[in-house]
Amino acid sequence: MKKLELGAVSAIALVTAGMATAEPKAEVLHWWTSGSEAKSVAVLQKEFAENGGTWTDMPVAGGGGDAAMSALRARVLSGNAPTAVQLKGPAIQEWYEEGVLADISSVAEAEGWGDVLPASIAGHMKCEGSWCAAPVNVHRVDWIWANADVLEANGITMPTTWDEFNAAAAKLQAAGVIPLAHGGQAWQDATVFEAVALGILGAEGFRKAFVELDEATLTSDAMVAVFDQMRTMRGFVDPNFPGRDWNLATAMVMNGEAAFQIMGDWAKGEFLAAGAKPGEDFLCASVPGDGFLYNVDSFAMFDVDGEDNQAGQELLAKLIVGESFQTVFNLNKGSIPARVDVALDDFDSCAHLGAKDMAASADNGSLLPSYAHGMALRGAQAGAITDVVTAHFNSDMSSADAVQQLAAAIANSL
Amino acid sequence: MTKWLEHHLPKLVLAPSFIAVLIFVYGFIAWTAWVSLTRSRLLPKYDIHGFIQYDRLFASLRWDVAMNNLFLFGTLFIVISMVLGLILAILLDQNIRTEGAIRTIYLYPMALSMIVTGTAWKWILNPGLGIEATVRGWGFENFKFDWLVNPDMAIYTIVIAAIWQSSGFVMALFLAGLRSVDTEIIRAAQVDGIPTWRVYTAIIIPSMAPIFLSAFIVLSHLAIKSFDLVIALTGGGPGFASDLPATYMYAMAFSRGDIGQAASSAMIMMAVVFTIVVPYLYSELRVKND
């Protein structure tokens, strides 16, 4: 009897303790598992713990997030979604349509996210008007990187038009330097393609083609010109490019084997890690043309049961968009903060240029989502475009044929 | 009780695996067939929309390339592996002294995973690192062997690596077949003064027909399910020039959130397997009934 009483008392004690505090708990699914990325996540983990939360880490490596998405699908289908998941762009809306995302508007409004995030980026974080995801960073995709010594030795400045780029590349080729370091993987072909498209179609044309999938723009003469420029670029890469990883292409620029690389700002991390200095050893500029293509990492919040889980979710959302995390995380990752009011004192000159361009392009409406990195379109449509781009780049397909196939492939993917 | 147990024990023992096969093989085939008729994207949905996914599949250029590659790869891989395996087996069958060692050497590639084979051949065939660079280093400046980075030839590099991996295994099959041929007949033929090559073409090889069939079935299913080799060797590239149906299905299901499309491609792959396996099963069962 005595024993039973004791048991009952301690059970009550346990229950009340659980109710009273509702200690924040979060299970976070992400695929930031490599060096600098893992370090960046650890920052968030530490901050979460300092605020009294219990973090359950669920890193799923492999396949650029494909493996993590498979894990997520299995978790959601079994009715046991993680608290927060690294998701981005239209994928957030796709999951919302499956009816599994949570509403975190209360946190977002209390923290004033609407005022500190650029409107087009905030748009990705909202599901039918309510906030459902928290942005972590902004990667700029349309960067062109160059080896400063190689350019100087050949008397070349950073190109500001594609014609200038072609002229510079021809000159470099004659001098025995590989003009463009490139890795022949579908996503890298797509990265170069969208940079070219932004330059030739302009911001409005880019939006029409790759956000609205406007058929007239997709089959226009300007689009033929984009493929023509891709064909020209194909002549500027070395014959051994297929299958090369992007960081090996970056290394070619670093050691002077190649002059330029068109790649997102994660390439900067490679330069910095090798001890190169921006502005001295390597140069950064936006690719010819006006606009800013962003690739924003974010965490989508899934519908979870239990007060502790919901408390964890709110705390996590608050910390992610908080100033200190946005600064520390992006210093580690090489990107720039998603919120525009963060002091950039500790950031390098390329990040300053990126932040300045982001603010300017947000004002004139040329702040655009990257299609190649899954920000502008859903997987099936983006994939259909990439299929055509990479098939054109890796064969002798004519630009007119490519444009026709582009329209057909998009129609087929809808 | 013991009588009952004696009577039912075999069924009881087999029941779990029978149920498992029923659910995990045939159940999931049926599930995939169902999903292939829906508009499923990110998650499976169950409202039937007819054959829309198959229409999309056959309109897709990439699927076209993948199917063509499968036929090209399958034919070359099966034919060359069998011919090479047979020649190796016949040569090994000449009562040579080091047969054990040589047999192990030829069989050894089979022990490697396709990922290892693919990665090794990726380096060997890379123009900047492998054969081309080596031969150029010897002074043949114009030597060219760029199949790996040439969209028209990339699929043949997969054929090369797959043959390297499997022909030793085919050799072992054929060697067992050669050893099982009745030596009395061969000796009788030799007494009659029939040349050795005639002995092979007229007596030994025809009597190995069942072995050919088994080798064909094993190789053809290896060809159809080829996935890891492509991923490791070319990644489906350049572009999607060396895609196979299995890599197409993976891309649709796991990278693009297009489950309906993946399901329909899986059904077509199964149909290809059936067109090969069903005649085989049919002939096997008919023989047993005689």
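I read chain B from the N terminus first: its elements run α-α-α-α-α-α-α-α-α-α-α-α-α. That comes to 13 helices and zero strands; helices (H or I, at least four residues) and strands (E, at least two) are DSSP runs, numbered from the N terminus. This is a predicted model: local features need pLDDT of at least 70, side-chain atom pairs count only at pLDDT 80 or more, and totals for chains, interfaces and linings use all residues. Residues are numbered from 1 along each chain as its sequence is written, while chains are lettered from A and ligands numbered from 1 in the order in which they are written.

I then looked up the contacts between the chains. 25 residues of chain B are in contact with 26 residues of chain A (C-beta atoms, placed from the backbone, within 7 Å). On chain B, α2 (52–59), α3 (61–92) and α12 (245–255) each supply at least two residues of that side.

Next I turned to β3 (residues 84–87) of chain A. A:Ala84 and A:Gln86 point one way, A:Val85 and A:Leu87 the other, and all are buried (20 or more other C-beta atoms within 10 Å of their own, C-beta atoms placed from the backbone). In a regular strand the side chains alternate between the two faces of the sheet.

Which strand runs parallel to β3(A)? I found β1 (residues 25–30) of chain A, joined by two bridges. There A:Leu29 has A:Val85 as its bridge partner. Four bridges join β3(A) to the antiparallel β13 (residues 298–301) of chain A. A:Val85 stands opposite A:Ala300 there.

Notes
Contact = placed C-beta atoms within 7 Å. Buried ≥ 20, exposed ≤ 12 C-beta atoms within 10 Å, placed from the backbone. Pairing = 2+ DSSP bridges.
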